[in-house]
Amino acid sequence: MGASLSNLTEGGSTTGDGPGLGDIPEDCVTCVFMNLTPPEICNLARLNRAFRGAASSDTVWESKLPHNYQDLLDLMPPERYQNLCKKDIFALLSRPVPFDDGNKEVWLDRVTGKVCMSISTKAMAITGIEDRRYWNWVPTEESRFNIAAYLQQIWWFEVDGSLKFPFPADVYTLSFRIHLGRFSKRLGRRVCNFEHTHGWDIKPVKFELSTSDGQEASTECFLDDCDKDEANGNQKRGCWMEYKVGEFIVSASDLATEVRFSMKQIDCTHSKGGIYVDNVSIIPSDLKASRRRVLK
């Protein structure tokens with residue numbers, strides 16, 4: 001069996017007198033690879049020399065990069081990407097590229113090559129953030145940026161942010177990442193304290209987004225509707241949750257799109273607190289949907 005496989009992959013047939021995969025011209029393999037995903041290309045590269053050669057082709061990997069990938073490279077020092085082949089550039093950009101003092105990150109999805117982004121609360125305007133009676137910055141490994149904003153108590157709750165970036169043409173979903181309850185580690189175990197978690201079941205939080213070309217989206221929801229959620233087998237308290245704000249469409253990739261977003265509960269008739277706000281993510285909508293299907 002091992003000999004037969006070797007014949008197929010390195011140039012012979014199972015009988016030893018006919019063509020095998022190794023006889024396919026590299027140019028033909030290159031054409032096939034342009035229709036495969038990066039993980040599939042890397043797996044097939046192990047078959048034989050022709051496949052390995054095609055899997056390193058700039059033609060193949062340039063087809064996996066967004067057309068404006070140079071905008072992403074410009075966020076880092078030139079010495080990090082100069083003289084790299086397209087395959088290595090894809091590998092470089094598939095890891096988070098920090099910018100704006102490290103408060104924002106952009107990267108390419110390893111399977112689709114689509115542009116994804118995350119924005120720390122450090123890059124947002126938060127009402128009362130400078131007053132430690134209300135807010136605290138809490139270092140945590142559970143945050144993408146290793147720090148999250150924790151609200152102990154406030155009456156006017158408002159978080160605003162904006163971003164201007166040359167997104168490739170696509171449909172994008174913008175979401176806030178939030179956690180109800182303060183967590184810590186005790187004897188190696190993660191524990192949550194809900195002493196300060198209150199007010200999120202009285203009035204809904206309003207999420208909004210708008211773009212420079214006039215698109216708008218908004219949604220409202222109760223963050224602490226525990227009775228309803230527990231009945232459905234879910235638990236919002238003590239877990240990181242992503243709240244979808246809405247979608248926006250980018251059709252002109254050559255122009256930078258400005259996106260403004262917010263999370264508000266400004267009814268001052270009651271206080272609210274006991275919540276972390278971690279980051280905002282901007283992910284292509286079809287990629288977001290496929291991840292949800294995988295999680296199910």
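## Basis of the model

Because the model is predicted, local features need pLDDT of at least 70 and side-chain atom pairs count only at pLDDT 80 or more, while totals for chains, interfaces and linings use all residues. Residues are numbered from 1 along each chain as its sequence is written, and side-chain values use heavy atoms, with hydrogens and water left out.

## Aromatic pairs

The structure holds 15 aromatic pairs. Rings of Phe, Tyr and Trp (its six-membered ring) pair if their centres lie within 6.5 Å; planes under 30 degrees apart count as stacked, over 60 as edge-to-face and the rest as tilted. Trp135 and Phe157 are stacked, because their ring centres are 6.0 Å apart and their planes stand at 25°. Trp135 belongs to strand β5 (residues 135-139) and Phe157 to strand β7 (residues 157-165), so this pair ties together parts that are 22 residues apart in sequence. Helices (H or I, at least four residues) and strands (E, at least two) are DSSP runs, numbered from the N terminus. Trp135 is buried, at a relative accessible area of 1%, and Phe157 is buried at 0%.

A tilted pair is formed by Phe176 and Phe207, with 5.6 Å from centre to centre and 45° between the planes. Phe176 is part of strand β8 (residues 170-180) and Phe207 of strand β11 (residues 205-211), so the pair ties together parts that are 31 residues apart in sequence. Phe176 is buried, with 0% relative accessibility, and Phe207 is likewise buried at 0%. Buried means under 20% relative accessible area, exposed over 50%, and partly exposed in between (1.4 Å probe, protein chains only).

## Aromatic cluster and charges over rings

One aromatic cluster is formed by Phe99, Phe165, Phe167, Tyr172 and Phe248.

Arg182 lies over the face of Tyr150, at 4.7 Å from the ring centre. Arg190 is placed over the face of Phe183, at 4.5 Å from the ring centre. A charge sits over a ring if NZ of Lys or CZ of Arg is within 6 Å of the ring centre and within 35 degrees of the ring normal.

## Positive phi angles in loops

Most residues other than glycine have a negative phi. Asn83, which is not a glycine, has a positive phi of about 70°. Asn83 lies in the loop between α6 (69-73) and α7 (86-93) and counts as exposed, at 83% relative accessibility.

Asp101 also has a positive phi, near 60°. Asp101 is found in the loop between β1 (97-99) and β2 (104-108) and counts as exposed at 76% relative accessibility.
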